[in-house]
Amino acid sequence: MNLSQSFENPKQVKKMLLEMWGNQANEPMTPYERILRSLAHKQPDRVPFDYFAVPELTRELIDIFDLNDEEDLLQLLGSDGRRLVGNY
């Protein structure tokens, strides 16, 4: 069984995630402020969340939810963190 088969209705799951996390503009703090407050040992509006998974899972979630890229997935999941990857 692949991941898409474990969702009975991916559109319904996507709608639920959008309702929960999809509008960061309406949140009282930006992800940046939330992470800074947490690092300063101060109470944020909610616990900061970060998403990290193997590339295969990320690609499959992007396909299941019909998203454009990883940034769209991070926004859908309400992720506060972003990775910076350098070329060495």
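Buried means under 20% relative accessible area, exposed means over 50%, and partly exposed lies in between (1.4 Å probe, protein chains only). The views below come from a predicted model, in which local features need pLDDT of at least 70, side-chain atom pairs count only at pLDDT 80 or more, and totals for chains, interfaces and linings use all residues. Residues are numbered from 1 along each chain as its sequence is written, and side-chain values use heavy atoms, with hydrogens and water left out.

**View A. The salt bridge between R34 and D80.** R34 is buried, and D80 is buried as well. Their side chains meet at 2.5 Å, N to O, where a salt bridge is a side-chain nitrogen of Lys or Arg within 4 Å of a carboxyl oxygen of Asp or Glu. R34 belongs to helix α3 (residues 31-39) and D80 to the segment after α5, so the pair ties together parts that are 46 residues apart in sequence. Helices (H or I, at least four residues) and strands (E, at least two) are DSSP runs, numbered from the N terminus. By the salt-bridge rule the count comes to eight.

View B. The side chains of R83 and E70 meet in a salt bridge at 2.7 Å, N to O. R83 is partly exposed at 36% relative accessibility, and E70 is partly exposed at 31%. R82 forms a salt bridge with E71, with the closest N and O atoms 2.9 Å apart. Here R82 lies in the segment after α5 and E71 in helix α5, so the pair ties together parts that are 11 residues apart in sequence. R82 counts as partly exposed at 37% relative accessibility, and E71 counts as partly exposed at 31%. Salt bridges that share partners also join E27, R34, D45, R46 and D80 into one network.

**View C. The crossing of helices α2 and α5.** Two packed helices are described by the angle between their axes and the distance between the axes. The axes of α2 (residues 10-21) and α5 (residues 70-77) come within 7 Å and cross at roughly 70°. The two helices are therefore roughly perpendicular to each other. Axes are lines fitted to C-alpha atoms, for helices over the stretch in contact, and angles run from 0 to 180 degrees between N-to-C directions. Angles under 35 degrees count as roughly parallel, over 145 as roughly antiparallel, 65 to 115 as roughly perpendicular and the rest as oblique.

**View D. Residues at the contact of α2 with α5.** On α2, K14, L17, L18 and W21 meet Q75, L76 and L77 of α5, contact meaning heavy atoms within 4.5 Å. By class, this contact has five nonpolar, one polar and one charged residues.

**View E. The buried residues of α5.** In α5, L73, L74, L76 and L77 are buried. These residues cover an arc of only 160° around the axis, which puts them on the same side of α5. The arc is that of the directions from the helix axis to the C-beta atoms. The buried residues of α5 pack against α2 and α4 (55-64).

**View F. Positive phi at H41 and D66.** H41 is not a glycine, yet has a positive phi of about 60°. H41 sits in the loop between α3 and α4 and counts as exposed at 76% relative accessibility. D66 also has a positive phi, near 55°, in a residue other than glycine. D66 is found in the loop between α4 and α5 and is exposed, with a relative accessible area of 65%.

Notes. Nonpolar A, V, L, I, M, F, W, Y, C, P; charged D, E, K, R; others polar.
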